[in-house]
Amino acid sequence: MQRRAIGDTTVSAIGLGAMPLSIEHRPDESRAVATVHAALDAGVTLVDTADSYHWHAGEAGHNERLIARALARYGGDTSHVLVATKGGRGRPGDGSWTVNGDPDHLKRAAEASAKRLGVEAIGLYQLHKPDPAVPWAESVGALLDLVEAGTIRAAGISNVTTDQIRHAHAVLGDALVSVQNQYSPAVRDSEPQLRLCTALGLAFLPWSPLGGISRSSLDGPAGGPAAAGTAFHGIAAMRGVSPQRVALAWLLSRSPTVIPVPGASRPASITDSARGADLELTETELARLEPAPEPCAGPHLP
């Protein structure tokens, strides 16, 4: 699989979004572990998790513990795998999502995540979502404190605006290595953020990258109907591959900083998604997938 950079770390061009392994309608542990192992077998070296990826009340960190167990049970070397986790959101157990960007909370959450993952320092820790009740500068400052304390090696931010990216970059400098926003064939609102990340050299990790092809568990009922008859499906039929694979190849073409993290709850799903990194779309095929903003290739800030 081709590889891309997150800060000074090189990872697979496609990661595993581990959320479906722990939230509503999650698989049993044997299938969940098999899904993680299938990702590793396919060359995936980035696993995206969060302390809030769980279903019921009182089981915060379910996904982090699951990932740690899956890596420990894998027969091969996993020292090169980057486990990126997030803090700043919660799940009361009623299906809702809360947000908490308080600096003290973020520091405690990061320390707890490190223990669950069994690491001395988290490779990439991401602020899950800005908290409107907490000044952005205070939440970002907590990330800087975590870096300086050695609790985390690098910081990321998620669900952010361009102004928030600029501010975080000014505060964190090289310690800020990634931005994770929703971006997909169906949802392209974060094009300005993608362009800014390209200009700044920040990895851009699209969440729910298969929107319009298949549905994210955050966007609707799990197993909801996928859109059909799009240009992505047409190209997939001509190529003899899945529409998901075409969507991921398209995302990779948008910018050299893009690293999609598609979710999976079955080994076959992540095995297929990983192959999207090896699919090179032609200029004609890319043109069929418009209208869309121009790919991010220039050095200019928006």
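In which helix does arginine 245 lie? Arginine 245 is part of helix H8. The model examined here is predicted. In this model arginine 245 is buried, because its relative accessible area of 15% falls under the 20% cut-off. When neighbours within four places in sequence are left aside, the contacts of arginine 245 are Asp272, Arg275, Gly276 and Leu279.

Helix H8, which spans residues 243-254, also carries tryptophan 250. This residue counts as buried, since its relative accessibility is 0%. Tryptophan 250 forms an aromatic pair with tyrosine 183, with 6.1 Å from centre to centre and 5° between the planes, and the pair is stacked. Tyrosine 183 is located in the loop between strand S10 (176-180) and helix H6 (191-200), so the pair ties together parts that are 67 residues apart in sequence. Tyrosine 183 is likewise buried, at a relative accessible area of 0%. Both residues belong to one aromatic cluster, formed by Tyr183, Phe204, Phe232 and Trp250.

Four aromatic pairs are present in the structure. One of them joins tyrosine 53 and tryptophan 97, whose ring centres are 6.4 Å apart; the planes stand at 80°, over the 60 degrees required, and the pair is therefore edge-to-face. Distant parts of the chain are linked by this pair, the two residues being 44 residues apart. Tyrosine 53 sits in the loop between strand S4 (46-48) and H2, while tryptophan 97 sits in the loop between strand S6 (89-90) and strand S7 (98-99). With a relative accessible area of 7%, tyrosine 53 is buried.

The packing of two helices was also examined. Two packed helices are described by the angle between their axes and the distance between the axes. For helix H2 (residues 62-73) and helix H3 (residues 103-117), the axes come within 8 Å and cross at roughly 30°. Angles under 35 degrees count as roughly parallel, and H2 and H3 are therefore roughly parallel to each other. The crossing in which H2 passes H3 is right-handed. On the H2 side the contact involves Glu64, Arg65 and Ala68, which meet Ser113, Arg116 and Leu117 of H3.

Notes: Residues numbered from 1 in each chain as written. Predicted model: local features only at pLDDT ≥ 70, side-chain atom pairs only at ≥ 80, totals over all residues. Heavy atoms only, no water. Axes fitted to C-alpha atoms, helices over the stretch in contact; angles between N-to-C directions. Helix = DSSP H or I, 4+ residues; strand = E, 2+ residues; numbered from the N terminus. Parallel < 35°, antiparallel > 145°, perpendicular 65-115°, else oblique. Left-handed = near helix turned anticlockwise from the far one by under 90°. Contact = heavy atoms within 4.5 Å. Phe/Tyr/Trp six-rings, centres within 6.5 Å; stacked < 30°, edge-to-face > 60°. Buried < 20%, exposed > 50% of the residue type's maximum accessible area, 1.4 Å probe, protein only.
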